[in-house]
Amino acid sequence: MMPENNALLRAASTALLVIDVQNDFCPGGHLAVAAGDAVVAPVNAMIDIAENVVATQDWHPRGHSSFASSHATASPFDTMEMAYGAQTLWPVHCVQNSTGAAFHPGLKTEAFQMIVRKGFRASVDSYSAFFENDHKTITGLDGYLRSRQIDRLVLAGLATDYCVAFSALDAAALGYQVSVVMPACRAIDLHGSLAGQISAMQDAGIILLDHVPT
Ligand SMILES: [Zn+2]
């Protein structure tokens, strides 16, 4: 049985998984999510009480295949067929070592016990914290969590309908008990993607919390 919300984050077997709270996904960034910076305060509040905190960081080389500018005739938000399936093309964002790839300056990054960088391979994107977009190449996060006997995850960050949802769905498929803190997430919402991913997460047994655990 799931512990009460107020004990969930304090449990040794639970990790808070902070997804991509980076400058480029916040207002003023290259792939800004509306009010993306509004997640910083609730994420910090959870960091204050969480026993375990893990973060992801989108981390692309220049000319990454997920950038529209890397393809002759493509525009941002087009869909392109890659070797591994359909891929949305994005504006250039989260280039390695750039200011845009840095975590939001207000985020309590000192609490991060592990940072999983993703999207560093030029030819494949990675929305999920667990698998790259080919759904086969692992990031290593599952092994890290299992070796620390962590079996419950609380997710927050950016963006609800892409990296948060893909991470939550993979986590549920891998057998973790998963909660997503909706007030600590913000969405891109491209072509109804938010509603679709909310349904998918509910169907997978993921708990969508409408409040921030305290
Ligand atoms: Zn990216």
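Trainee: A residue is buried if 20 or more other C-beta atoms lie within 10 Å of its own, exposed if 12 or fewer, and partly exposed in between, with C-beta atoms placed from the backbone. Which residues of helix α2 are buried?

Mentor: In helix α2, residues 40-49, the buried residues are V43, M46 and I47. Seen down the axis of α2, these fall within an arc of 105 degrees, so they line one face of the helix. The arc is that of the directions from the helix axis to the C-beta atoms. Helices (H or I, at least four residues) and strands (E, at least two) are DSSP runs, numbered from the N terminus.

Trainee: What kind of model is this, and how are residues numbered?

Mentor: This is a predicted model, in which local features need pLDDT of at least 70 and side-chain atom pairs count only at pLDDT 80 or more, whereas totals for chains, interfaces and linings use all residues. Residues are numbered from 1 along each chain as its sequence is written.

Trainee: Back to α2. What do its buried residues pack against?

Mentor: They pack against four strands: β1 (14-19), β2 (53-58), β6 (152-158) and β7 (177-186). Contact here means that the C-beta atoms of two residues, placed from the backbone, lie within 7 Å.

Trainee: Let us step back. How many helices and strands are in the chain?

Mentor: The chain has 5 helices and 8 strands. Along the sequence they follow the pattern α-β-α-β-β-β-β-α-β-α-β-α-β. The radius of gyration is 16 Å, close to the 17 Å that the globule rule gives for 214 residues, so the chain is as compact as a globular protein of that length. That radius is taken over C-alpha atoms, and the globule rule is 2.2 Å times the number of residues to the power 0.38.

Trainee: What box do the C-alpha atoms fill, and what share of the residues is buried?

Mentor: Taken along the principal axes, the box is roughly 50 × 30 × 30 Å. Buried residues make up 44% of the 214 residues. Among contacts between residues at least 6 apart in sequence, 72% join residues at least 24 apart.

Trainee: Now α4. How many of its residues are buried?

Mentor: Helix α4 is mostly covered, with 12 of its 14 residues buried. Among them are Y162, F166 and D170. The buried residues of α4 pack against β1, β2, β6, β7 and α5.

Trainee: At what angle do the axes of α4 and α5 cross?

Mentor: The axes of α4 (residues 160-173) and α5 (residues 193-203) cross at roughly 15 degrees and come within 10 Å. That makes α4 roughly parallel to α5. Axes are lines fitted to C-alpha atoms, for helices over the stretch in contact, and angles run from 0 to 180 degrees between N-to-C directions. Angles under 35 degrees count as roughly parallel, over 145 as roughly antiparallel, 65 to 115 as roughly perpendicular and the rest as oblique.

Trainee: Is the crossing of α4 and α5 left-handed or right-handed?

Mentor: The crossing is left-handed, meaning that the near helix is turned anticlockwise from the far one by less than a right angle; clockwise would be right-handed. T160, D161, A165, A168 and L169 in α4 meet S193, L194, Q197, A200 and M201 in α5.

Trainee: And C163: what does it touch?

Mentor: Not counting residues up to four places away in sequence, C163 touches I19, D20, T56, Y127 and L158. C163 is found in helix α4 and is buried, with 25 other C-beta atoms within 10 Å.

Trainee: You mentioned D20. What is its phi?

Mentor: Phi of D20 is near 50 degrees, a positive value in a residue other than glycine. D20 sits in the loop between β1 and α2 and is buried, with 30 other C-beta atoms within 10 Å. D189 also has a positive phi, about 55 degrees, although it is not a glycine. D189 lies in the loop between β7 and α5 and is partly exposed, with 17 other C-beta atoms within 10 Å.

Trainee: Which residues does a cis peptide bond join?

Mentor: The cis peptide bond joins L158 and A159, with omega about -15 degrees. A159 is in the loop between β6 and α4.

Trainee: Last one: how far apart are A35 and R186?

Mentor: They are 151 residues apart in sequence and 7.0 Å apart in space, C-alpha to C-alpha. A35 is in the loop between β1 and α2 and counts as exposed, with 11 C-beta neighbours inside 10 Å.
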